[in-house]
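Keep the structure open beside you as you read.

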Amino acid sequence: LKEVNASLDDLMAMAHENNPHLSALLYQEQAASAGIDMSIYALFPSLSLNAGINWSGASFPLVWNWFIGPTLTWNPFNGFRNLNLIDEATARLRSARARRAALEQQIYLDLSKAIAQLKNARQRMDVSDLIVKQAQENLDLVSERYRVGKASALELTDAQVALTEAKSDQVQARFDYQTAVAQIKHTTGGELP
């Protein structure tokens with residue numbers, strides 16, 4: 001069986017590194033932050049440098065002109081469009097942060113539950129191992145008593161049923177343990193320490 005001895009904080013750190021859903025939300029948050037920067041950038045004037053050559057005229061030789069120069073563009077008022085774009089970009093950033101925080105909380109909850117299930121299953125496995133051993137010893141004892149005529153067939157059957165139930169509980173405990181390990185692997189992005 002795969003042992004998981006990592007703490008909840010270690011598993012959360014692994015989820016931050018490897019969980020694809022969390023990574024996608026982090027990139028969405030970064031994109032929303034860049035959107036705010038672009039919206040603020042739109043408030044400032046735009047300065048560009050242009051150059052060109054032009055040949056024109058009605059007869060040969062054509063007259064050629066050339067130009068080079070800066071262009072300054074600024075629209076000081078556009079009906080609050082730029083300010084509304086900043087507000088919209090800010091709302092997108094807040095929404096992205098809220099979605100990321102909600103997913104982090106869900107991951108924390110899932111990991112907490114999986115760790116609790118893992119510990120519970122480990123304890124049940126230990127107990128079921130002892131119960132199987134005890135049921136096997138009881139079956140051996142009842143079988144010997146039956147062989148010498150001191151126990152009935154019903155007692156032998158009961159001992160066999162008790163052993164079968166104990167082994168069934170042992171298998172269920174192992175299954176629950178592996179399920180908890182799989183849940184941890186899924187939540188952390190497929191990695192275990």
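Leu83 is partly exposed, with a relative accessible area of 41%; partly exposed is the range between buried (under 20% relative accessible area) and exposed (over 50%), using a 1.4 Å probe and protein chains only. Leu83 belongs to helix α3, where helices are DSSP runs of H or I with at least four residues, numbered from the N terminus. Together with Ile40, Leu43, Phe44 and Phe80, Leu83 forms a nonpolar surface patch of about 460 Å² accessible area. Patches take residues with over 30% relative accessible area and no salt bridge, nonpolar side chains being joined within 5 Å, and the areas come from the Shrake-Rupley method with a 1.4 Å probe.

A word on the ground rules: this is a predicted model, in which local features need pLDDT of at least 70 and side-chain atom pairs count only at pLDDT 80 or more, while totals for chains, interfaces and linings use all residues. Residues are numbered from 1 along each chain as its sequence is written, and side-chain values use heavy atoms, leaving out hydrogens and water.

Now look inside. In soluble globular proteins, nonpolar side chains tend to be buried together. Here the largest nonpolar core has 20 residues, and Leu11, Ile107, Leu111, Leu118, Tyr177 and Ile184 have the most contacts inside it. Such a core is a set of buried Ala, Val, Leu, Ile, Met, Phe, Trp, Tyr and Cys residues joined through side-chain atoms within 4.5 Å. Helices α1 (8-18), α3 (81-147) and α4 (153-187) each supply at least two of its residues, with α3 giving the most, seven. A second, separate core of nine residues includes Val142, Ala151, Leu156 and Leu163.

Tyr177 leads us on to the charged side chains. Arg122 lies over the face of Tyr177, 5.1 Å from the ring centre; the rule asks for CZ of Arg or NZ of Lys within 6 Å of the centre and within 35 degrees of the ring normal. Arg122 also meets Asp126 in a salt bridge (3.8 Å, N to O), defined as a side-chain nitrogen of Lys or Arg within 4 Å of a carboxyl oxygen of Asp or Glu. Both residues lie in α3, four residues apart, about one turn of the helix.

Finally, salt bridges that share partners join Glu29, Arg97, Arg100 and Glu104 into one network.

Conventions
Patch = residues over 30% accessible without salt bridge, like charges linked within 9 Å, V, L, I, M, F, W, Y side chains within 5 Å.
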